[in-house]
Amino acid sequence: MELYSAKQVAEILARDDAHMNLRTVRYYTQLGLIPPLELVGNRRGYTDLHLDYFRAIMALSRSGETLAAIEER
């Protein structure tokens with residue numbers, strides 16, 4: 001299982017949406033829009049599943065959904 005740091009996730013997602021940055025990744029994580037980080041050994045990080053969640057949030061945001069509405073889903 002590949003683990004990504006928050007910075008790596010931000011860099012990956014920035015290719016799809018220039019508005020995605022490290023601060024946004026951390027903010028969405030803090031809000032609980034993303035499942036808890038995975039723990040592998042002594043490292044916590046994001047997985048491909050987390051990237052899918054971020055991409056879904058980005059798509060819903062582009063369609064006009066608010067973060068509050070996304071959180072309810």
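This is a predicted model: local features need pLDDT of at least 70, side-chain atom pairs count only at pLDDT 80 or more; totals for chains, interfaces and linings use all residues.
## Glutamate 38 in strand β1

Glutamate 38 sits in strand β1, which covers residues 38-40.

Once its neighbours within four places in sequence are set aside, glutamate 38 is in contact with Met1, Leu3, Arg43, Arg44, Gly45, Thr47 and His50. How far apart are glutamate 38 and alanine 14 in space? Their C-alpha atoms are 22 Å apart, and 24 residues separate the two in sequence.

## Helices α1 and α3

Let's turn to a helix pair. Helix α1 (residues 6-14) packs with helix α3 (residues 48-62) at an angle of about 45°, and their axes are 11 Å apart. The two helices are therefore oblique to each other. The crossing of α1 past α3 is right-handed.

Which residues meet here? From α1 come Val9, Ile12 and Leu13, and from α3 come Leu51, Phe54, Arg55 and Met58. Sorted by class, this contact has six nonpolar residues, one charged residue and no polar ones.

## Aspartate 17 in the loop

Aspartate 17 lies in the loop between α1 and α2 (22-31). Is aspartate 17 buried or exposed? Aspartate 17 is buried, because its relative accessible area is 16% and the cut-off for buried is under 20%.

A polar atom of the aspartate 17 side chain lies 2.9 Å from the backbone nitrogen of histidine 19. Not counting residues up to four places away in sequence, aspartate 17 touches Met58 and Arg62.

Technical notes: Residues are numbered from 1 along each chain as its sequence is written. Side-chain values use heavy atoms; hydrogens and water are left out. Axes are lines fitted to C-alpha atoms, for helices over the stretch in contact, and angles run from 0 to 180 degrees between N-to-C directions. Helices (H or I, at least four residues) and strands (E, at least two) are DSSP runs, numbered from the N terminus. Angles under 35 degrees count as roughly parallel, over 145 as roughly antiparallel, 65 to 115 as roughly perpendicular and the rest as oblique. A crossing is left-handed if the near helix is turned anticlockwise from the far one by less than a right angle, and right-handed if clockwise. Contact means heavy atoms within 4.5 Å. Ala, Val, Leu, Ile, Met, Phe, Trp, Tyr, Cys and Pro count as nonpolar, Asp, Glu, Lys and Arg as charged, and the others, Gly among them, as polar. Buried means under 20% relative accessible area, exposed over 50%, partly exposed in between (1.4 Å probe, protein chains only). A polar contact is a pair of N or O atoms within 3.5 Å; within protein, one must be able to donate a hydrogen and the other to accept it, and residues adjacent in sequence count only if both atoms are side-chain atoms.
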